[in-house]
Amino acid sequence: MAKVTIKGAENGPLIVEVDGKRVSALCRCGKTENKPNCDGTHAKIGFKADSSEIKVTE
Ligand code: FES
């Protein structure tokens, strides 16, 4: 079974990894012009969030 992890980058997007490889960066600031993907806008608007990590499967 694939190992799926979702990491909340500090002040940035949710990074989705499958078997250690980054497959997506999902916006969590709500201001991207390319939903649901992060387009870097979080840095321009000063989005603040703690880092976090969720292991979906191991
Ligand atoms: S988290 Fe990067 S644009 Fe929203």
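Which residue in β2 does K7 stand opposite? K7 stands opposite I15.

The structure is a predicted model, in which local features need pLDDT of at least 70 and side-chain atom pairs count only at pLDDT 80 or more, whereas totals for chains, interfaces and linings use all residues. Residues are numbered from 1 along each chain as its sequence is written, and side-chain values use heavy atoms, with hydrogens and water left out.

**The sheet**

Strands (E, at least two residues) and helices (H or I, at least four residues) are DSSP runs, numbered from the N terminus. Two strands are taken as paired if DSSP finds at least two bridges between them. On this basis four strands make up an open sheet with the order β3-β2-β1-β4, and their pairing is antiparallel. The edge positions belong to β3 and β4 (52–57), each of which has a single partner strand, so one side of each is left without a neighbour in the sheet. From one strand to the next, the twist averages 20 degrees; the axes behind such angles are lines fitted to C-alpha atoms, for helices over the stretch in contact, and angles run from 0 to 180 degrees between N-to-C directions.

Two of the pairings are described below.

β2 and β3 form a hairpin, with two residues between the strands. In this turn, D19 has a positive phi of about 50 degrees. In a regular strand, side chains alternate between the two faces of the sheet.

**Helix α1**

Helix α1 spans residues 41–45 and includes I45; T41 is also found in helix α1. T41 is buried, because its relative accessible area is 14%. I45 counts as partly exposed, because its relative accessibility is 45%.

Contact means heavy atoms within 4.5 Å. Leaving aside residues up to four places away in sequence, T41 touches K31 and T32, while I45 touches C29 and K31. The C-alpha atoms of I45 and K31 are separated by 8.5 Å, and the two residues are 14 residues apart along the chain.

The side chains of T41 and D39 are joined by a polar contact of 2.6 Å. A polar contact is a pair of N or O atoms within 3.5 Å; within protein, one must be able to donate a hydrogen and the other to accept it, and residues adjacent in sequence count only if both atoms are side-chain atoms.

Conventions
Buried means under 20% relative accessible area, exposed over 50%, partly exposed in between (1.4 Å probe, protein chains only).
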